[in-house]
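Please read the points below with the structure open beside you. They go through the packing inside the chain.

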Amino acid sequence: MGDASKDQLTEGLARVCARAGLDEPTGLTRLTGGATMESWHFFSGECGFVLRRAPSLEFMEGRPFGHDVEAAIIRAAGAASVTAPRVIAVLEPDDGIGSGFVMGALPGTPNPKEILEFEGAGALLKGAARDLARIHSIKPGDAPDVVPVMDYREAIAELKAQFEEAGGDRPIIALGLKWMEDNCLDPCEPVLIHGDYRMGNLLAEPGKLAGVLDWELAHFGDPHEDLAFGCMAVWRFHRYDRPALGLGSLEDYFAAYEAQSGRKVDRTRFRYWLIHRTVWWALGCLRMARVWRSGEDRMLERVVISRRTSENELDLLMLLEEDAPEEERAKRVELTEPSPQVGEATDGELALAVSEWLAGVKDRFEGHDKFQWAVACNALGMISRHNAAAIPGFENAPLAQRILSGDANLADQSLLEELRKAILATIMQDVPKYPALAVARQKWIGDD
């Protein structure tokens, strides 16, 4: 946002603060991160607060509930002793700054890179299990009636519709959708699901959980959904070796959760939701490109996240291949090395040159601008590595449709091998530092 918009935010916040009995806001600063909503920190007197706000009113269209309901959910969580922020006020139309709410600032950092290096990871894992158990103690009737109850089959159908809207041409995602249809669970007694319980939405200090943020995806459903989502490889960041939130083992996480919640973790349901939410986030990443193209939100991060769909496809194939025949799993992948470039500079080399120039001006940025600088460097890196000829070609859309109809599956000769080859080549261009890539290469190619 430019200075004028920042001034408008400050003026609107002054109206909110007056309504809440707070002093005039000062020191308004955009916080880094936030793939969907904006976060702004400010002071009222000596106390810190955070404005959580939609990038536009249009961005809220089609969502199951608004910020007023999200604020009510957070208050219900606080009443259940969850380490949740204290909601101060919900924005009103007359405030003139859109949709959102103001909450008290909490201590700690949301930065996964910092949190996953803290001492006392075991204590933090127990704290995360404790708060998740408390969230799951909230039943329908303890939160606003408009909070949806998930229908598992309906959720799959919605994901299939998203898949077709996005082109219907990703065979690995099609495999996941078909698997979900074939293995859909029987419903269980619904509890409140945070919906986004993972590193990046947890505030922490060394050995201590300081806050649970971002409740916009809350709904009622199966508690295993929350357990699985935070354990996805993509949310473990650089600690792929710690399958539970990047903090520890699944055994320790489940034991702590079982002790706090009084319910037993079902490994079959956990695996189902691990696959379901990996498909969900893969399609969420694809959707980011549509949001950007529509003008709904032109934030740079949108287009970069859309290219991280390949992370989820890699993870999804590694999960699904467990059900493939042994003879197909045993096949090794051989990748074609790209030819050396000659002649005039390619588009990729131009992008690399700009990226190298940006590296020299990094210190000129701070706050959210520095975050956007990093996103821009990621985007240029993707362009510089792009080589369509290096990605094995096969008819993606027809194959995806044959998978969805049941006419193709991982028991087919060499299909798994071809999908492995294609996703390796894709992710080596999109996100070559993705930690799961090294694991997949060692497993599928035999790299040391």
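Predicted model: local features only at pLDDT ≥ 70, side-chain atom pairs only at ≥ 80, totals over all residues.

**Notes on the interior**

1. Neighbours within four places in sequence aside, Tyr 253 touches Leu 125, Ala 129, Leu 132, Tyr 197, Leu 227, Cys 231, Ala 244 and Leu 245.

2. Tyr 253 is also among the residues with the most contacts inside the largest nonpolar core, together with Met 180, Leu 192, Tyr 197, Trp 215, Leu 314 and Trp 444. That core has 105 residues. Helix H9 (residues 267-294) gives the largest share of them, twelve residues. Another core lies apart from this one; it has 14 residues, including Cys 17, Phe 42, Leu 51 and Ile 88.

3. There are eleven aromatic pairs in the structure. One of them, Trp 179 with Tyr 272, is stacked because the ring planes are at 25°, under the 30 degrees cut-off; the ring centres are 5.8 Å apart. Trp 179 sits in helix H6 (residues 171-183) and Tyr 272 in helix H9, 93 residues apart. Trp 179 has 13% relative accessibility and counts as buried; Tyr 272, at 1%, is buried as well.

4. Trp 235 and Trp 281 make a tilted pair, 5.6 Å centre to centre with 40° between the planes. Trp 235 is in the loop between helix H7 (223-229) and helix H8 (250-261), while Trp 281 is in helix H9, so the pair ties together parts 46 residues apart in sequence. Both residues are buried.

5. What lines the largest cavity? The lining consists of Met 37, Met 60, Arg 63, Phe 65, Gly 66, His 67, Glu 70 and Glu 216. Three of these residues are nonpolar, two polar and three charged. The space in this cavity is about 40 Å³.

Definitions and conventions:
Residues numbered from 1 in each chain as written. Heavy atoms only, no water. 1 Å grid on protein atoms, 1.4 Å probe; cavity = no way out; pocket = protein on both sides within 12 Å on 5 of 7 lines; lining within 4 Å. Points joined across faces, edges and corners; volume = space filled by probe spheres on them. Nonpolar A, V, L, I, M, F, W, Y, C, P; charged D, E, K, R; others polar. Core = buried A, V, L, I, M, F, W, Y, C linked by side-chain atoms within 4.5 Å. Buried < 20%, exposed > 50% of the residue type's maximum accessible area, 1.4 Å probe, protein only. Helix = DSSP H or I, 4+ residues; strand = E, 2+ residues; numbered from the N terminus. Contact = heavy atoms within 4.5 Å. Phe/Tyr/Trp six-rings, centres within 6.5 Å; stacked < 30°, edge-to-face > 60°.
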